[in-house]
Amino acid sequence: MAKSTGYFGLRRGSTKSHTYQVVNGKQITKDRQEGGKQPRTLAQMKQRCIIATAGSAYAALKSICDHSYEGVSAGLDSMSHFHKVNDSLLRQSALRDNGLFGYNRWGVKGLVAGSYVIAEGTLPQNCPNLQALSVDAVSRKCTIDVAYGRSVAEIAEELGVVNFGDIATIAMIYPKRDGSYGFGAVRLTYKQGEDVAASFELGVIGDFTGASMNYATGNLTVEVQTAFDWKDGADADACFTAAILSRYMNGKWYRSKAQFDVTGAVPSFGDAIATYPVGQPRFLNGSGSVEPSANPSTPSDPTPVTPSTGSYSLVISKTGTGVATVSVGGSEIQSGAQVEAGAQVSVELEEPANATAHPYAQINGQSISLTENDGVFTGTFTMPSAAATLTVFTGSVAGGGSDQN
């Protein structure tokens with residue numbers, strides 16, 4: 001891929017060999033990829049699951065996530081940043097099976113609960129006591145515990161607001177009747193009034209159609225009304241909240257980091273992948289093979305041939321300044337691990353920002369086909385029935401060093 005600013009103007013479209021785009025006023029030139037119908041390999045389906053899940057999440061969270069990252073332009077740049085941050089978290093959660101994210105099943109759209117980073121910035125995090133308190137699913141209402149304090153000053157301190165016009169935004173995802181999650185946010189703008197009720201102005205976005213504030217016995221709560229029906233039997237434990245602090249200074253908006261804290265999310269990556277249409281392995285392309293025994297049977301021999309089995313050492317040689325993850329069956333492995341012959345080994349290489357040399361991988365000197373998405377290269381290979389060496393290069397930037405292990 002090359003960037004340039006041509007003398008005769010910026011190109012768009014494709015030729016036989018190249019595809020041209022213009023991004024942020026600069027020319028992007030890529031080699032055009034030729035090929036027929038995609039074979040729907042397991043590796044491809046895993047990648048599609050991640051992309052579909054993150055895409056559904058952004059579509060639901062877009063009302064704030066298209067401008068919630070400090071120093072990132074609103075719109076497409078923010079969308080790209082959302083994917084850069086959360087796609088990586090989705091992959092890590094899938095590898096570790098830690099329940100921090102749920103994943104979209106094949107053909108099923110809509111937000112699935114997950115620990116998404118919905119804002120980033122340099123301001124301190126706020127609302128340490130934030131949580132959903134109670135739910136009235138029939139009336140589509142939820143009461144959220146926002147802050148504690150005996151005065152306006154103490155409430156403002158928990159909200160993180162210190163200047164006139166500072167904003168504390170309370171975001172929430174909740175289970176809908178259709179099986180997906182809804183999303184809404186309520187904004188509390190600091191006005192410095194005589195009491196708590198007069199010190200904040202409310203606004204709503206997303207699935208929230210209204211909100212009201214209540215302050216009693218030192219506790220500030222907000223009741224929100226949602227546009228969609230809740231899942232039958234939904235309670236406060238099924239709701240997840242996050243708070244964002246926003247402040248305008250010197251002509252710029254600053255944010256705090258905000259992330260949903262989700263545990264036990266469903267469907268798991270394994271359950272979701274089981275619904276994806278994986279194509280048949282292609283023998284001539286190196287998939288689906290079984291190592292023959294030392295003494296293969298003949299047509300007259302009634303005894304079936306037993307494939308070669310056993311586990312063998314996989315040495316992993318890493319270079320580059322990016323991040324490499326090698327896993328078997330969804331669990332990350334380290335160099336020297338014993339891997340069963342015939343097992344599928346997954347390789348994920350995340351190149352550094354602004355990489356000038358891009359990742360590659362080889363098993364015993366043979367190249368592994370990698371698929372790239374937003375700087376992350378993924379591929380798989382079948383463990384041979386002998387000790388093997390996996391060589392991976394995670395990419396580097398011009399003048400950058402190289403880590404080896």
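1. K176 is buried in this predicted model, because its relative accessible area is 14%, and its side chain meets that of D178 in a salt bridge with an N to O distance of 3.9 Å. D178, by contrast, counts as exposed at 57% relative accessibility. K176 also lies over the face of F228, at 4.3 Å from the ring centre.

2. A further salt bridge joins the side chains of R177 and D232 (3.6 Å, N to O), and this pair links distant parts of the chain, with R177 in the loop between β8 and β9 and D232 in the loop between β12 and β13, 55 residues apart. R177 is exposed, with a relative accessible area of 53%, and D232 is likewise exposed, with 61%. Through shared partners, salt bridges join R140, R177, D229 and D232 into one network.

3. The count comes to 8 salt bridges, among them the one between R150 and E154, whose closest N and O atoms are 3.4 Å apart. Here R150 counts as exposed at 74% relative accessibility, whereas E154 is partly exposed at 27%.

4. Turning to the rings, the structure holds 9 aromatic pairs. The ring centres of F82 and Y116 are 6.0 Å apart and their planes stand at 15 degrees, so this pair is stacked. Because F82 lies in helix α2 and Y116 in the loop between α2 and β5, the pair ties together parts that are 34 residues apart in sequence. Both F82 and Y116 are buried, and together with Y58 and F101 they form one aromatic cluster.

5. The rings of Y248 and W253 have their centres 5.1 Å apart and their planes at 55 degrees, so that pair is tilted; W253 counts as partly exposed, at 38% relative accessibility.

Definitions and conventions. Residues are numbered from 1 along each chain as its sequence is written. This is a predicted model: local features need pLDDT of at least 70, side-chain atom pairs count only at pLDDT 80 or more; totals for chains, interfaces and linings use all residues. Side-chain values use heavy atoms; hydrogens and water are left out. Rings of Phe, Tyr and Trp (its six-membered ring) pair if their centres lie within 6.5 Å; planes under 30 degrees apart count as stacked, over 60 as edge-to-face and the rest as tilted. Helices (H or I, at least four residues) and strands (E, at least two) are DSSP runs, numbered from the N terminus. Buried means under 20% relative accessible area, exposed over 50%, partly exposed in between (1.4 Å probe, protein chains only). A charge sits over a ring if NZ of Lys or CZ of Arg is within 6 Å of the ring centre and within 35 degrees of the ring normal. A salt bridge is a side-chain nitrogen of Lys or Arg within 4 Å of a carboxyl oxygen of Asp or Glu.
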